[in-house]
Amino acid sequence: VGSYCSKLDVNFIKLYEPKLISSKYSITLSGHTHALNRRNIWNTRRVFFLTPQIMMNDLSRGACPATDVKCLVVDEAHKALGNYAYCQVVKELCNYTHQFRVLALTATPGGDIKAVQQVISNLMISRLEVRSEDSIDIQPYSHQRHVEKFVLPLGPELIAVQSLYLQVLEAFTRRLLNTGAILHKDIANLTKYQIVLSREQFRKNPPGNIGGVQRGVAEGDYALCISLYHGYELLLQMGLRSLYAYLEGIMDGSKGMTRVCNELCRNAVFMEMYEKLKVTFSSESTLLTSQKGPENEKQFIYSHPKLQKLEEVVLNHFHSQAASGGPNTSGGKVDGASTRVMIFSSYRHSVQEIAEMLNKHQPLVKVMTFVGHASGKNTKGFTQKEQLESPIRMVQRMGRTGRKREGRIVILLAEGREERVSLQCCYYIFADYPLGFRLIDLHSGFC
């Protein structure tokens with residue numbers, strides 16, 4: 001019995017499974033497969049494509065004959081941490097037999113040695129084999145990828161708002177500094193994640209000079225500063241429009257941050273900054289466009305220098321393909337070959353902003369957005385695990401290009417803080433902080 005545990009893509013498996021293994025011996029199991037039929041399926045087939053959760057359920061029900069499993073193939077093996085389903089499957093199989101092999105595959109084994117060792121231990125790996133793009137047996141299946149990086153200055157408009165925003169941060173962060181709740185005095189370089197860690201430490205070991213009432217006040221100040229630093233990251237990485245959308249949610253009560261709203265309303269510098277943003281963006285008839293141009297057409301406001309560079313790169317790509325290919329560029333076809341651009345963004349609002357900007361250039365550019373499900377409040381700080389996974393996501397994103405033919409990767413960074421973080425994380429080629437819409441994947445071929 002062979003078993004393949006992966007994040008199941010049923011359509012993909014159905015397409016390629018018959019070409020790999022005769023359907024007489026293989027089957028794809030999904031959550032729609034009736035539980036009563038599973039025992040018979042496990043006894044009559046030899047190769048199974050399924051998620052680890054489904055296999056774990058079948059093992060626990062006794063539907064899967066554990067002693068007959070001889071090979072377990074694990075894709076995206078770096079997920080085998082903690083109590084993830086991969087780990088549960090291996091442990092459950094070991095309760096019945098040790099006579100099986102594990103083949104684990106991953107392009108990104110982990111953020112550090114400790115994480116890699118956990119995967120090795122959890123999957124009982126005894127031998128490692130490493131392949132890179134330069135490996136002889138990989139070269140026939142890989143294509144060259146050209147990586148370009150552009151570091152863009154913030155520009156006078158963003159710098160002016162940044163100056164006001166830092167004054168607001170100074171006013172509220174100073175309260176935590178004065179009580180000894182935080183010790184980091186470089187407010188401009190303080191991060192939301194550092195404040196989250198500080199709050200956790202404060203809760204475990206509060207300073208002796210802070211009483212019960214003061215602890216409650218400090219908790220409120222922590223929540224306020226985490227919200228403000230989230231907005232600061234949006235300002236530097238995404239731009240003015242994303243910042244305004246976030247602050248508007250606080251001020252109109254839709255985010256449920258009543259205390260934060262009340263505190264900010266009493267800060268004159270914040271209200272000055274917010275009113276300036278409101279004048280620029282609140283009168284937009286759509287989410288992303290405002291004032292009319294000379295030909296009575298709405299003009300797009302570039303709320304971050306990255307947007308202008310992004311637009312330039314995308315247009316140059318399609319124009320160059322059209323010049324060398326023929327008339328079908330607008331349909332994604334250039335001289336019979338497909339050309340696609342993938343733009344990664346970590347903030348839902350910026351995805352809409354980018355789409356609106358590029359939609360101006362139809363039919364040369366046809367835009368489709370893909371947005372995942374929202375996960376919790378926007379002010380939630382990134383955990384240490386999430387920060388370690390960030391460079392992994394960048395490597396995975398870069399792997400989306402150059403699969404069919406040569407590819408091009410363009411990385412956009414804001415000068416200053418974002419640029420420094422990227423350099424610090426160059427251990428993983430280029431880090432994804434996540435740093436907004438700074439990774440552009442231009443390639444001829446499908447992802």
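In helix H7, the residues Lys192, Tyr193, Ile195, Val196, Ser198, Arg199 and Phe202 are buried, where buried means under 20% relative accessible area, exposed over 50% and partly exposed in between (1.4 Å probe, protein chains only). Helices here are DSSP runs of H or I with at least four residues, strands are runs of E with at least two, and both are numbered from the N terminus. The model is a predicted one, in which local features need pLDDT of at least 70 and side-chain atom pairs count only at pLDDT 80 or more, while totals for chains, interfaces and linings use all residues. Residues are numbered from 1 along each chain as its sequence is written, and side-chain values use heavy atoms, with hydrogens and water left out.

H7 itself has 13 residues and reaches 19 Å from its first C-alpha to its last, close to the 18 Å expected at 1.5 Å a residue; the expected span is 1.5 Å times one less than the number of residues. H8 fits this rule as well: its 26 residues should span 38 Å, and its end C-alpha atoms are 38 Å apart, which agrees. After H8 comes Gly239, with a positive phi near 120 degrees.

Turning to the whole protein chain, the secondary structure comes to 15 helices and 13 strands. Of its 447 residues, 45% count as buried. The accessible surface is about 23800 Å², and carbon and sulfur atoms hold 53% of that area, as computed by the Shrake-Rupley method with a 1.4 Å probe, where for residues only the protein chains shown count as cover. Contacts (heavy atoms within 4.5 Å) can also be sorted by separation: among those with a separation of 6 or more, 71% join residues 24 or more positions apart.

What does the interior look like? A nonpolar core is a set of buried Ala, Val, Leu, Ile, Met, Phe, Trp, Tyr and Cys residues joined through side-chain atoms within 4.5 Å. The largest has 49 residues, and Tyr165, Leu247, Ile250 and Leu264 have the most contacts inside it. Helices H6, H7, H8, H9, H10 and H11 each supply at least two of its residues, with H8 giving the most, 11 residues. Beyond its neighbours within four places in sequence, Tyr165 is in contact with Leu228, Gly231, Tyr232, Leu235, Leu243, Leu247 and Met273. Another core, of 27 residues, lies apart from the largest one, and includes Phe48, Met55, Met56 and Leu72.

Rings of Phe, Tyr and Trp (its six-membered ring) pair if their centres lie within 6.5 Å; planes under 30 degrees apart count as stacked, over 60 as edge-to-face and the rest as tilted. The structure holds nine such pairs. The rings of Tyr84 and Tyr86 have centres 5.1 Å apart and planes at 80 degrees, so this pair is edge-to-face. Tyr84 is partly exposed at 28% relative accessible area, whereas Tyr86 is buried at 2%. Elsewhere, ring pairs link Tyr244, Phe270, Tyr274 and Phe281 into a cluster.

His349 lies in helix H13 (residues 348-359) and is buried, with 11% relative accessibility. His349 and Ser242 are 107 residues apart in sequence, yet their C-alpha atoms are 6.3 Å apart in space. Cys87 is buried at 1% relative accessibility, and Cys94 is buried at 19%. With a disulfide taken as a pair of cysteine sulfur atoms within 2.5 Å, the count is zero.
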